[in-house]
Amino acid sequence: MRTKPFGAGGASVAAIGQGTWKLDGDERAEAVAALRRGLDLGMSHIDTAEMYGEAEPLVAEAIAGRRDAVYLVTKVLPHNASLQGTKAACERSLRRLKTDRLDCYLLHWRGSVPLAETIGAFEDLIAAGKILSWGVSNFDVDDLDEALSIAGPGRIACNQVLYHLEERAIEHAVIPWCAANGVAVTAYTPFGSPGFPNAASRGGRVLAEIAGRHGATPRQVALAFLTREPAVFAIPKASRRAHAEDNAGAGDLVLPPDDIARLDAAFPRGPRGRGLPML
């Protein structure tokens, strides 16, 4: 499994991690088994959120006895992100996750609470040893500029954003900004929404052809493409062990320039949009 620094001076983290959005809607025992299998295969980065229902307790069950091998990330909702609200939300997440610290704590998206207040809470939580780093989610460049002006260089660990083959808007400005400022980019929903490219489509055929040459699957090729830049990570969800195994297979797949060019042509990034895409 490829690993990369997660933010400026951050820990070395697996390029392919594990998402948990809507995982609590799947069969619990199998979902826990899938997370554990992912950990076995090196997908040590597990991402969750207080918004995800029962996902945090599910993650707690999956990582029991192996917490030190996990890079654990969760998120605070914007309406909880005041100075004291962030700290209280963090304590609740720690209890649900059955751990004494988070490796990274994110603001889920911008809300009405002043950003300086949330960042102040994050820094207090670092000082208290409750979190080891902090980041943001669904932040466009203007939001990132504001966060940087408040926190200073080297404090923002990551920006978690929507990114998949058919939604590449962040390549215009967000990824370059993060790369220039030592901020990791975590791709959520990396297989697309509402779904993965159809096998009969032009893009689907290109994926299949490239996958065949590498002895890989189309989904592994997609993950390798999305994480081709040093700053970018991906957190696909897997509710079955077989899906986790397939995702982990992308961890060592590095696509040559001609494959990157073919995928770039098959899934053009298009013009820069007026706003940041998000789910």
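In which helix is the place of D264? In this predicted model, where residues are numbered from 1 along each chain as its sequence is written, local features require a pLDDT of at least 70, side-chain atom pairs count only at pLDDT 80 or more, and totals for chains, interfaces and linings use all residues. Side-chain values use heavy atoms, with hydrogens and water left out.

D264 belongs to helix α10 (residues 257-266); helices (H or I, at least four residues) and strands (E, at least two) are DSSP runs numbered from the N terminus. When neighbours within four places in sequence are set aside, D264 is in contact (heavy atoms within 4.5 Å) with R168 and F225. G203 is 61 residues from D264 along the chain, and the C-alpha atoms of the two are separated by 9.8 Å.

Helix α3 (residues 83-97) comprises 15 residues and reaches 22 Å from its first C-alpha to its last, close to the expected 21 Å; the expected span is 1.5 Å times one less than the number of residues. Buried positions in α3 are G85, T86, A89, C90, S93, L94 and L97. The buried residues of this helix pack against α2 (55-63), β4 (71-76), β5 (104-107) and α4 (115-127).

The interior was then examined for nonpolar cores, each a set of buried Ala, Val, Leu, Ile, Met, Phe, Trp, Tyr and Cys residues joined through side-chain atoms within 4.5 Å. The largest core contains 71 residues, and those with the most contacts inside it are L102, Y105, I131, I170, V221, L255 and L263. Helix α8 (residues 218-226) supplies the largest share of this core, six residues. A second, separate core has 10 residues, including V13, Y71, V73 and F233. Beyond its neighbours within four places in sequence, Y105 contacts a set of residues that includes T86, A89 and C90, as well as F122, I131 and W134.

Rolling a probe the size of a water molecule over the atoms shows where empty space is left. On a 1 Å grid over the protein atoms alone, a cavity is a set of points where a 1.4 Å probe fits but cannot get out, whereas a pocket is an open set with protein on both sides within 12 Å along at least five of seven lines; lining residues have an atom within 4 Å of a point. Grid points are joined across faces, edges and corners, and a volume is the space filled by probe spheres set on the points.

The largest pocket has a volume of about 700 Å³. Its lining consists of 30 residues, of which W21, T189, G192, P236 and K237 lie nearest the centre. Helix α9 (residues 241-248) gives the most to this lining, with three residues. The second largest pocket has a volume of about 220 Å³. Among the 14 residues lining that second pocket, F6, G10, L132, S133 and A157 are the closest to its centre.

One cavity of 30 Å³ or more was found in a search of the whole structure. H164, L165, E166, P190, F191, G192, F196 and P197 line the largest cavity. H164 lies in the loop between β7 (156-162) and α6 (174-180), and is buried, with a relative accessible area of 7%.

How values were computed. Buried < 20%, exposed > 50% of the residue type's maximum accessible area, 1.4 Å probe, protein only.
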